[in-house]
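My entries follow in the order in which I checked them.

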Amino acid sequence: MVSTAAAVAASPGKSPRKAPDATKAVLKDTNFFAKKQYANQKELISRLQLLQGSLREAPEAEVPIYSPDLARALASEHYVRAGAKDVQLLVACIIADVFRLSAPEHPFSAEQLLEIFRLWLRVFERFFC
């Protein structure tokens with residue numbers, strides 16, 4: 001059985017329908033992620049899926065559509081080392097899209113970059129080993 005996060009991350013162009021206002025709100029909602037304001041894992045995954053879908057569909061010319069503080073919050077140890085594999089997968093996909101949208105610059109510190117690459121390796125190991 002494929003998890004919800006894996007299905008969303010693995011199905012380009014097939015994101016759940018979302019209201020434009022909700023998309024704009026999640027792209028700018030730094031406090032939700034920075035202050036860990038989710039009530040449960042299901043709410044967190046739902047927000048991450050909405051954010052991931054919004055970033056995946058964003059054209060590269062549209063800069064910045066997300067808050068750099070939001071990107072840094074998601075690169076924090078709390079999310080990068082989350083126990084839930086769905087959360088790790090979604091965060092890895094979101095961060096990859098942040099790199100795509102912000103190239104050649106990025107909002108991450110050197111320490112965060114190291115943790116991001118470790119996260120990507122863990123996610124790749126899970127799928128290919």
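**Conventions.** I took helices (H or I, at least four residues) and strands (E, at least two) as DSSP runs, numbered from the N terminus. The model is a predicted one, in which local features need pLDDT of at least 70 and side-chain atom pairs count only at pLDDT 80 or more, while totals for chains, interfaces and linings use all residues. Residues are numbered from 1 along each chain as its sequence is written, and side-chain values use heavy atoms, with hydrogens and water left out.

**Whole chain.** I looked up the secondary structure and found 8 helices and 0 strands, so named under the DSSP rule noted above. Of the 129 residues, 43% count as buried; I use buried for under 20% relative accessible area, exposed for over 50%, and partly exposed for what lies in between (1.4 Å probe, protein chains only). The chain exposes about 7,400 Å², of which carbon and sulfur atoms supply 58%; accessible areas come from the Shrake-Rupley method with a 1.4 Å probe, and for residues only the protein chains shown count as cover. I also checked contacts, meaning heavy atoms within 4.5 Å: among those between residues at least 6 apart in sequence, 74% join residues at least 24 apart.

**Helix α4.** I followed α4 over residues 41-57, and its 17 residues reach 24 Å from the first C-alpha to the last, close to the 24 Å expected at 1.5 Å a residue; the expected span is 1.5 Å times one less than the number of residues. The buried residues of α4 include Leu44, Ile45, Leu48, Leu51 and Leu55, and also among them are Gln49, Gln52 and Arg56. At the start of this helix, a side-chain oxygen of Asn40 comes to within 3.2 Å of the backbone nitrogen of Lys42. I count this as a polar contact, that is, a pair of N or O atoms within 3.5 Å, where within protein one must be able to donate a hydrogen and the other to accept it, and residues adjacent in sequence count only if both atoms are side-chain atoms.

**Salt bridges.** I listed 4 salt bridges in the structure, each being a side-chain nitrogen of Lys or Arg within 4 Å of a carboxyl oxygen of Asp or Glu. As background, side chains of opposite charge can pair when their charged atoms come close. One of the bridges joins Glu115 and Arg81 at 3.0 Å, N to O. Glu115 lies in helix α8 (residues 110-128) and Arg81 in the loop between α6 (77-80) and α7 (85-102), so this pair ties together parts that are 34 residues apart in sequence. Glu115 is buried at a relative accessible area of 17%, whereas Arg81 is partly exposed at 41%.

Glu115 also meets Arg118 in a salt bridge of 3.0 Å, N to O; these two residues are 3 apart in helix α8 and thus separated by about one helical turn. Arg118 is partly exposed, with a relative accessible area of 36%. Through shared partners, the salt bridges join Arg81, Glu115 and Arg118 into one network.

Asp97 counts as buried at 10% relative accessibility, and Arg100 as partly exposed at 27%.

**Gln88.** Which side chain does that of Gln88 join in a polar contact of 2.6 Å? I found that of Arg126. Gln88 is placed in helix α7 and counts as buried at 6% relative accessibility. Leaving aside neighbours within four places in sequence, the residues in contact with Gln88 include Tyr79, Arg81, Leu119, Val123 and Arg126.

**Ser67.** I then turned to the loop between α4 and α5 (68-74), where Ser67 lies; Ser67 is buried, at 13% relative accessibility. The Ser67 side chain makes a polar contact of 3.1 Å with the side chain of Thr30, and also reaches the backbone nitrogen of Asp69 at 3.1 Å.

**Surface patch.** My last entry is a nonpolar surface patch of about 510 Å², made by Leu121, Phe124, Phe127 and Phe128. Patches are made of residues with over 30% relative accessible area and no salt bridge, like charges being joined within 9 Å and nonpolar side chains (Val, Leu, Ile, Met, Phe, Trp, Tyr) within 5 Å. Phe124 is placed in helix α8 and counts as partly exposed at 48% relative accessibility.
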